[in-house]
Amino acid sequence: MKLILPDRSVRVLDISPSTLEAILLSLGINPLEVIASRNGILVTEDTVIGLDDEIRLLRIAHGG
Amino acid sequence: MVPGPEVPRCSICTDPAVLFQRGNGRHLCGTHAISDICDRVSATIREEEMIVPGDRVAVALSGGKDSTALLMILNRLLPSLKGVSLVAITIDEGIAGYRDETVRSAGNLVSSLGVEHISLSFPDLFGNTLDQFLKGREKEACTVCGILRKKALITGSERAGATKLATGHNLDDEAQSVLMNIFRGDFSRLVRNSGADSSGRFIPRIKPLKGISEKEIATFLLLNNAWTDLPECPYSGYALRREVRSMLSGLEYRHPGTMQHLMESKKKIEKYCASTYTREPIRRCRVCGDPSSGELCQLCQLRSSLVR
């Protein structure tokens, strides 16, 4: 799967299908601090992500 | 694009879910997420009598996500708020590389909604930008900015003839403030309710989004195509709030409902203290005449140390 991080850097992860929540936690990201879209559609953190998916993360906690 | 089979479904209509409310275990689709958020804001306004018929509500509109969502939601609720009018107030503090974008975003929003807009800047009101005021005292950024911005918003609200000043503080902000006040030992702020009866001395502040989480607000904006990836305030790294936010967010994830429980605790403390805790009487600042708890208001105390 392709993961586009909030800083717009891209990571390709070779993982077996797992929930978005599990993927985020493995990367040290609190699921409450980001919003995710899969292939352009908003998804919840308990969505199962497949190998061919493209996930984009937006960071929601901003200062100021 | 059609969502895959593993997409969780809305608890109300079975459409694909876009929001998971961890506190109550509910999934919501886009339509039901928007209506749930607006309904809860409406309920907060009603239950706490934040807005009454005939009010002219000044909305503090920085152009960031919270104030953007607040103006959009209040504008949406306007037909149900009899005789109520809105006016947006934008303050340009003068923060290079940050505020220009959010001010532009605020301008675009009021144009699209057709809401009256008043813009003020720190140089106009106080003689210099926040960046200049903070040279050599960056660690005080949030305190200095908070005092000046509060005065600027009150000035804007008075010019607009507003009867209420609405700010975009959300559940996360409010829960963070409770913890920060405890960490600082600031009991007076902990039990203070800015929306309480002001007896006409200042424009009451209201926080209609105080029951809505930061994630719900971001979801609301994305669903309404109103999300803008704006830069972060360059001074936020100095703030205690950043550390508290991270800690609280971790707790909320591991123990859903933590922030809500914190707010309920604050409410109980407020209630218990109402009969025993004597608040400082509100006086008038001897220099500017503004309402103040001391002889000098915070702004006048700050003014003498500001670089012009």
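This is a predicted model: local features need pLDDT of at least 70, side-chain atom pairs count only at pLDDT 80 or more; totals for chains, interfaces and linings use all residues.
1. Residues are numbered from 1 along each chain as its sequence is written, chains are lettered from A and ligands numbered from 1 in the order in which they are written, and side-chain values use heavy atoms, with hydrogens and water left out.

2. Now for how the two domains of chain B meet. Contact (heavy atoms within 4.5 Å) joins 13 residues of domain 1 of chain B to 12 residues of domain 2 of chain B. The two domains bury about 1200 Å² between them, with 60% of it on carbon and sulfur atoms; buried area is the accessible area (1.4 Å probe) that two parts lose on being put together, summed over both.

3. One salt bridge is found across this domain interface, a salt bridge being a side-chain nitrogen of Lys or Arg within 4 Å of a carboxyl oxygen of Asp or Glu. Lys151(B) and Asp290(B) form a salt bridge with their closest N and O atoms 2.6 Å apart.

4. Next, the interface between the chains. Chain A brings 26 residues to the contact and chain B brings 33 residues. About 2600 Å² is buried between chain A and chain B, and carbon and sulfur atoms give 58% of that area. Three salt bridges cross this interface. The side chains of Lys215(B) and Glu45(A) meet in a salt bridge at 3.6 Å, N to O.

5. A cavity is a set of points, on a 1 Å grid over the protein atoms alone, where a 1.4 Å probe fits but cannot get out; lining residues have an atom within 4 Å of a point. Grid points are joined across faces, edges and corners, and a volume is the space filled by probe spheres set on the points. There is one cavity of 30 Å³ or more, and the largest cavity holds about 90 Å³ of space. Of its 14 lining residues, the closest to the centre are Ile35(A), Ala36(A), Val43(A), Glu45(A) and Lys215(B).

6. Which strand gives the most to the lining of the largest cavity? S4(A) does, with three residues; strands (E, at least two residues) and helices (H or I, at least four) are DSSP runs, numbered from the N terminus. The lining has 10 nonpolar, two polar and two charged residues. Here Ala, Val, Leu, Ile, Met, Phe, Trp, Tyr, Cys and Pro count as nonpolar, Asp, Glu, Lys and Arg as charged, and the others, Gly among them, as polar.

7. Finally, a salt bridge within chain A. Over all chains the count comes to 20 salt bridges, including Arg38(A) with Asp53(A), whose closest N and O atoms are 3.2 Å apart. Arg38(A) lies in strand S4 of chain A and Asp53(A) in the loop between strand S6 (48-49) and strand S7 (54-59) of chain A, so this pair ties together parts 15 residues apart in sequence.

Methods
On a 1 Å grid over the protein atoms alone, a cavity is a set of points where a 1.4 Å probe fits but cannot get out, and a pocket is an open set with protein on both sides within 12 Å along at least five of seven lines; lining residues have an atom within 4 Å of a point.
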